[in-house]
Amino acid sequence: MQCKQWVILAAALMTTWVSHSALASDEVVVYSARNEQLIKPLFDAYTKESGVEVKFITGKAGSLLQRLKAEGDNTPADLLITVDAGNLWQAANMGLLQPVSSAKLSEAIPAHLRDPDNQWYGLSVRARTIVYNTNKLNDSDLSTYEDLADPKWKGKLCLRTAKKVYNQSLVAMMIAEHGESQTEAIVKGWVANLATKPFSSDTKMMEAVAAGQCEVGIGNTYYFGRLEDKDPTIPLKLFWPNQQSSGVHVNISGGGVTKYASNVNGATALLEWLASDKAQNLFSDSNHEYPANAQIKPSAQVTAWGSFKGNQVNVAKAGELQVDAVKLMDRARYK
Amino acid sequence: MNRVARAISPVTRLFTQGWRLSALVISLAVLTPVMVIFWSLFSPDLAVWQHLKEHLLWELTANTFWLVLGTASGTLVLGVALAWLTAVCEFPGRKIFSWALLLPLAVPAYVTAFVMVGIFDFTGPLQSGMRSSGIEWALPEIRSLAGVTLVMVLAFYPYVYLIARNAFATQGKRALEAAQSLGYSPRAGFFKVALPMARPWIIGGVMLVIMETLADFGTVSVFNYDTFTTGIYKAWFDMFSLQAASQLASILVIFVFIIVLLEQQARARMRYTTVGKTAGKQERIPLKGWNSVAAVGFASTVMLLAFIIPMTQLLIWASDVVMDDLDSRYFDFLWHSLLLATMAALLVVTAAVILAVANRYYSDLTTRIMVRVATLGYALPGPVLAVGAFIPIAWFDNQLRDGLHAVFGYDGGLMLQGTIVTLLIALCIRFMAVGFSAVDGNLQRITHSIDESAHSLGSSGLTLLRRVHLPILRGGLFTAMTLVFVDVMKEMPITLMTRPFGWDTLAVRVFEMTAEGEWERAALPSVAIVLAGLIPIILMNRHAQH
Amino acid sequence: MPNTDYLLELNSITQRYGETTVVNEMSLALQQGDIGCLLGPSGCGKTTALRCIAGFETVQNGTITLAGKTIASRQLHLAAEKRHIGMVFQDYALFPHMSAAENIAFGLQGQSKQQRQRRVSEMLALIGLEQSAELYPHELSGGQQQRIALARALAPRPRLLLMDEPFSNLDITLRERLCLDVRDILKQEQATAIIVTHDQQEAFMIADVIGVMNEGCIQQWDSAYNLYHRPNSRFVANFVGEGVFLHGDVVDGERVRTELGIIDGEFDAPCCADCGVDVLLRPDDVLHDDDSPLQAIVKAKAFRGAQILYTLSLPTGSEILSLVPSHHNHPIGEPIGIRLDTDHLVAFRV
């Protein structure tokens, strides 16, 4: 019995070996931190249109970066996709990406949503804004992120964990705007106002706001979109803060060509296609996000949430200041 | 002392040296990633370290300590009590409970976690229902140390239960009777004799729980409870310092190694080979009256919390999305999960047999340490171990490729990376402890007189292993395979990081959904993981009963 | 009626597992200081009876009295740990995680440390294992383990000691020596004991009084001599010692006619005359005598050192056994002369 099992095992190993070696040249290999269900439809569409095969694996951004680093110049990856600017900035910083100059890309993507050195490009915009319980509050009660640190919100605020990169980017951008000490005071104010321990996800946090455990929170708009899909009568509403000042905090989901890509042209072509009119809608609509290309309108549902002024500072700043933001939140005991 | 080499031919001696060599190779394989991680101690990231030390380290250590203490004592009490009830006592439904209590093994801890939080948190159905019907009780906060400990105890107690049950069943009622004939009540006898006699196995089970708790990330993140492991993740993923992460991981490994060695030392000269014969069928203690009611109530409560409630919630969630999400790709996910789990289980058990046999032949310090080192991987958080394994493999692979290219002009691409080999190596390193403890526990029960009588009949070396040890070990091997199989099915971070293209598994699917907070959609692959894991568990039980 | 002369009394106790009756209305009485033995083939219920006395089984009927006090009956079950009855298990059941000394001290709870130590050394000296006090069970030989088990059971000075097949795991030479050692130890400790065994040699060597058991009850409760020479049933006659039954007819109260002629001797005749009986012939009842007119052919022989056990065939085809001094060496097939020497006849009606 043992013997037979070993034969099967060996056969299985050989199969994977062979299938691995048979890498066709007419394909692009992608490491994606954007989850499978949010990226595969795009790749399928691309393959259908161009005939180019897209091979990909998903994972946490940090692991993917480490894998790229360990593989070095032998990496099979051509393109790296993440769901935040911080990790792209980090990848560029670690020398894992290469600059791509493409007229199509620089035309489609606004300057503040791409790397100044063209190592990466934002493909969709994710707005992190304020959500509130419509049974308890009105638009007029709210103004800015900073205002949520005011003691009047004591016991009324819900936040997601500081371990999520979205919050780290938000705080990083606040550091860029206000400097460390003022930002630290604000974050401490938030922590003091918390109604309950930080949640592990935006969805849980928003559900808590809707259920009345607290009155207001900070979250990404597409989570609100998903809750709205499930229950259109949910007593939640989005509010666009900081409209008189810096604007709503935005982050990107984006990508860059890897330093040792064996198929640079293929990767660039895929990136350009993802920034194209057609793909932009697919990209953002699949997850209630905003297209990075300002010319493209978001989906009807997203449009209905209203327009807002977004933060115009280059999102690369979020990457640059991420570690500072993490340390600051640790000091403020924001878990 | 060397029991075998004493009386046997040089050929056999060479052969037993072979065991030792193989054990050395295995422990080196495990040691390599550990060393890669330890290497960080030579080039520490002082900036990040300083920050960790100042603001996090103390709290993380305290949090981890309480969690480990709570989980270890909880699983100890629950596992031992249930094992005693089902192995030695008789009460209504005992036979069903005996195997049903193992089922929670198939439920990943992070799944129990998100189900429990989903049900018991402020926004969950329980509290919502209470609010809408005007009940104003304040339930204890589920997202707390108590909550996370409860979930871990419910998820991990089967390790202790399974191992302790086997120990009690082998020990039988005889030891208790001996104590009774010397004036001890059955209750006193349990604590004075039965429990100490089962100690090495129980501690082995608790060690698995401790290591699993230390390495856990999924469960604690659902609760947003900060431990050493979340600290490692933070250092690496949020502060981009793999060095600082490795420094933390090194501390963790050293800590675990010390516990393991202390435990070894404490056992010293004692041998736990069962002296008496094993329990017959009629030798159970019948529970009467309230005792029997209490036993049924206790076992049912555990079943309800650890399996029935989570499964029911999962099924409800899964049924909401099954029409949209279930497609033909699920066959691939399932197939990959099963294939991976089976291969890893076979590899781990083979290696575990080698380690256990080497451990049996040689009780010198080197071998003992070697064998212990080989089981350290279980305490490392998955991604840290993955990176520790990946770096040397990638290095070797790159050298190999460049070498081949330079000498033969052959460019075969990468040989190991991106193949299932890397993933399997990493999984084996991680789960060696699970396989080893099950195999070694059983091998210890084979008395040396069995060896000696086999020698006298002319069996030694491989023949001895094949004809005498393996048949006796069959139960242990099966247990080991099942545990590893189920663990691999549930495993997430290593699979995520080192899997080849197109090798998405059910656990990866769960990750994709939970990463976006879509717990309801994660229910479908979770149910599949549980169902696939149930099959070997039920088989294992059948096996154990015959 | 409880009789205070006896330390232990079993009064028709019965024990069933489902449909099977394992112990069937069994009774016995044992005097203080005596070593009793339950002897019988496997499955005769002797171990179950022992476990009933120890308190590991509840009796369904009958009573067990210890020192005049009822400890088990249909209504009453004194817990095993409260009976002060020691037990040596067939597999010894030594605690593997305790040293020899710790094992022996285990039953001495409630005593001061000095008292315990004194008793342990006393017991170790008694069994002659002073050197092995700190060894663990797996480091001891089978015979040593056996003696530690005995010392452990005796240490708390139980009112009664039970031993379940205590020598069955030992090799034969060791068994004989230990048997005598154990008897000495028990006598020195003035212990009252019941030993269960299937080996009559063991029983003869160690016991003062032996109960031969079959199908759940005691067939005969008697001294070794009487069991051998005055068995009260065919079963006992067959089970204890060697021998064959030879068919015959009762002539009168002192004589039976068989194919070997008239055998005379004192016996309890089942009838006055002319009824058929089977007469028990032990090998030592049949003597070799070259001058005897009675001849039998050697069918088989077993050399036993000083003696040879011959299996002899009579003209009618019946077989008898004869124990003969070993210098009378006859080949198989040779006819030899025999003569009977009986003073007491054992005969059962056909």
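Predicted model: local features only at pLDDT ≥ 70, side-chain atom pairs only at ≥ 80, totals over all residues.
1. Five strands make up an open sheet, arranged in the order β15-β19-β16-β17-β18 (chain C), and their pairing is antiparallel. At the edges stand β15 (286-288) and β18 (319-325) of chain C, each of which pairs on one side only. With direction ignored, neighbouring strands of this sheet are turned by 50° against each other on average.

2. The pairing of β15(C) with β19(C). Strand β19 of chain C covers residues 335-340 and is joined to β15(C) by three bridges, the two strands running antiparallel.

3. The pairing of β16(C) with β19(C). Strand β16 of chain C, residues 295-304, also pairs with β19(C) in the antiparallel sense, over three bridges. Here I297(C) is found opposite P335(C) in β19(C).

4. Is P335(C) buried or exposed? P335(C) is exposed, because 12 other C-beta atoms lie within 10 Å, and a residue with 12 or fewer such atoms counts as exposed. Once neighbours within four places in sequence are left aside, the contacts of P335(C) are with Q295(C), A296(C) and I297(C).

5. The domains of chain C. Chain C is divided into domain 1 (6-238) and domain 2 (242-349). The C-alpha centres of domain 1 of chain C and domain 2 of chain C are 38 Å apart. How many residues of domain 1 of chain C are in contact with domain 2 of chain C? Five residues of domain 1 of chain C meet five residues of domain 2 of chain C. On the side of domain 1 of chain C that touches domain 2 of chain C, the classes are two nonpolar, one polar and two charged residues.

6. Chain C as a whole. The secondary structure of chain C amounts to eight helices and 20 strands. Its C-alpha trace spans about 75 × 45 × 35 Å along the principal axes. Chain C has 350 residues, of which 43% count as buried. Among contacts in chain C between residues at least 6 apart in sequence, 65% are between residues at least 24 apart.

7. Chain A as a whole. Chain A contains 14 helices and nine strands, and its C-alpha trace spans about 65 × 60 × 40 Å along the principal axes. The radius of gyration of chain A is 22 Å, which agrees with a compact globule, because a globule of 335 residues would have a value near 20 Å. Of the 335 residues of chain A, 55% count as buried. For chain A, 79% of the contacts between residues at least 6 apart in sequence join residues at least 24 apart.

8. The contact of chains A and B. Two pairs of chains are in contact, and chains A and B share the most contacts. This contact draws on 49 residues from chain A and 46 residues from chain B. On the side of chain A that touches chain B, at least two residues each come from α1 (2-21), α2 (36-50), β2 (53-58), α3 (61-71), α8 (202-211) and α14 (322-331) of chain A. Which element gives the largest share of that side of chain A? The largest share, eight residues, is supplied by α1(A). By class, the side of chain A that touches chain B holds 15 nonpolar, 20 polar and 14 charged residues.

9. Chains A and C. These two chains do not touch, and 34 Å separates the nearest C-alpha atoms of chain A and chain C.

Key: Residues numbered from 1 in each chain as written. Chains lettered and ligands numbered in written order. Contact = placed C-beta atoms within 7 Å. Helix = DSSP H or I, 4+ residues; strand = E, 2+ residues; numbered from the N terminus. Nonpolar A, V, L, I, M, F, W, Y, C, P; charged D, E, K, R; others polar. Pairing = 2+ DSSP bridges. Axes fitted to C-alpha atoms, helices over the stretch in contact; angles between N-to-C directions. Domains from an automatic or database assignment. Buried ≥ 20, exposed ≤ 12 C-beta atoms within 10 Å, placed from the backbone. Rg over C-alpha atoms; globule rule 2.2 N^0.38 Å.
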